[in-house]
Amino acid sequence: MRSTRRPFVSLLLAVLIVAAAALGLAGPAAAHDAAESTSPAQGATLAAPPDEVSVTFSNKPLGIGASFSVKDASGTEWAEGPVQIVDNVATQKLRAGAPAGAYTVAWRVVSSDSHPIEGTFAFTAASGAAGASAPATEGSPTTAGTVPGMGTARPGVTEEPSAPASAGEPFQWSIVIFAAVAVGLLAALGILARRRLGGDADDSGGDKGDGV
């Protein structure tokens, strides 16, 4: 009896260990959403400031806690209005009249797993927008504060991805490996269980024979 129980218990422990390890690997891989692309692209040079900026994510962010900051070289804030999230794209409108020069965009959203993520990217406008006026001072009502620094840092994307922006998350092979290992171990457990039952039957038959 003891000789058949030991392999059975050992294999059961192996199943639990492999399951925990596989789940540990699969969890972080699918934990947080990530920025797939930005518009304008990181380091892009535009003819004039855009009407809006956006970030495309690997999954749809939650519709709460999203914020964008779009500042020119003087530190003037040009983001205006709330962040719009449609599918997996977060978009921020800009005020009219932005000047030529370098711009820095800092974004922050809450990913689909409820964890805040953030990042930055930059672009340059070769000329000012139509009707561009002198930039407002730092104390003006149009100047917003900096983006909160909490959350998991996510740098802006430096290049446009080769895959379309609507592409889904990469396939999690760790889940497939876990399933295959689990099936194999369960099959081995089944074989050992049958052998154990067969051994118990033989032992009971032998005991009856000895009694006679």
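## First stop: Ser114

Select Ser114. At 52% relative accessibility, Ser114 counts as exposed, because the cut-off for exposed is over 50%. Ser114 sits in the loop between S7 and S8. Now check its backbone. Ser114 has a positive phi of about 75°, although it is not a glycine. Most residues other than glycine have a negative phi. Keep in mind throughout that this is a predicted model.

Move to Asp87. Where is Asp87 placed? Asp87 lies in the loop between S5 and S6. Phi of Asp87 is near 55°, again a positive value in a residue other than glycine. Is Asp87 buried or exposed? Asp87 counts as exposed, at 55% relative accessibility.

Next, select Ser39 and Pro40. A cis peptide bond joins Ser39 and Pro40, with omega about 0°. Most peptide bonds are trans. Pro40 belongs to the loop between S1 and strand S2 (44-46).

## Zoom out

Show the whole chain as a cartoon. The protein has two helices and nine strands. Trace the chain from its start. The pattern reads α-β-β-β-β-β-β-β-β-β-α.

Switch to a surface view. The accessible surface of the protein comes to about 12,200 Å². Carbon and sulfur atoms account for 63% of that surface. Of the 212 residues, 30% count as buried.

How far along the sequence do contacts reach? Take the contacts between residues at least 6 apart in sequence. Of these, 71% join residues at least 24 apart.

## The four-stranded sheet

Color S1, S3, S5 and S6. What is the order of the strands in this open sheet? The order is S1-S3-S6-S5, with antiparallel pairing. Strand S1 (35-39) and strand S5 (84-86) are the edge strands, and each pairs on one side only. Neighbouring strands of this sheet are turned by 20° against each other on average, direction ignored.

Now keep S3 and strand S6 (residues 89-93). S3 and S6 pair in the antiparallel sense over five bridges.

## A charged pair

Stay with S3 and S6, and show the side chains of Glu52 and Lys93. Side chains of opposite charge can pair when their charged atoms come close. Glu52 forms a salt bridge with Lys93, and the closest N and O atoms are 3.0 Å apart. The pair links distant parts of the chain: Glu52 is in strand S3, Lys93 is in strand S6, and they are 41 residues apart. How many salt bridges does the structure hold? It holds one.

Check the exposure of both partners. Glu52 is partly exposed, with a relative accessible area of 34%. Lys93 also counts as partly exposed, at 44% relative accessibility.

## Into the core

Select Val53, Phe57, Phe68 and Trp107. These are the residues with the most contacts inside the largest nonpolar core, which has 20 residues. Strand S3 (52-57), strand S4 (67-72), strand S7 (101-110) and strand S8 (116-125) each supply at least two residues of this core.

Center on Phe57. What does Phe57 touch beyond residues up to four places away in sequence? Its contacts are Ala34, Ala35, Glu36, Asn88, Ala90, Trp107, Val109 and Ile117.

Now color S4. Why is S4 described as largely enclosed by the rest of the structure? Five of its six residues are buried. Six bridges join S4 to S7, and the two strands run antiparallel.

## Last stop: Ala125

Ala125 is found in strand S8. Ala125 and Tyr103 are 22 residues apart in sequence, and their C-alpha atoms are 7.8 Å apart in space. Is Ala125 buried or exposed? Ala125 is buried, because its relative accessible area is 3% and the cut-off for buried is under 20%.

Show what surrounds it. Leaving aside neighbours within four places in sequence, Ala125 is in contact with Leu46, Ala48, Pro49, Pro99, Ala100, Gly101 and Tyr103.

Conventions:
Residues numbered from 1 in each chain as written. Predicted model: local features only at pLDDT ≥ 70, side-chain atom pairs only at ≥ 80, totals over all residues. Heavy atoms only, no water. Core = buried A, V, L, I, M, F, W, Y, C linked by side-chain atoms within 4.5 Å. Buried < 20%, exposed > 50% of the residue type's maximum accessible area, 1.4 Å probe, protein only. Contact = heavy atoms within 4.5 Å. Areas by Shrake-Rupley, 256 points an atom, 1.4 Å probe, with all protein chains shown as cover. Pairing = 2+ DSSP bridges. Axes fitted to C-alpha atoms, helices over the stretch in contact; angles between N-to-C directions. Salt bridge = Lys/Arg side-chain N within 4 Å of Asp/Glu carboxyl O.
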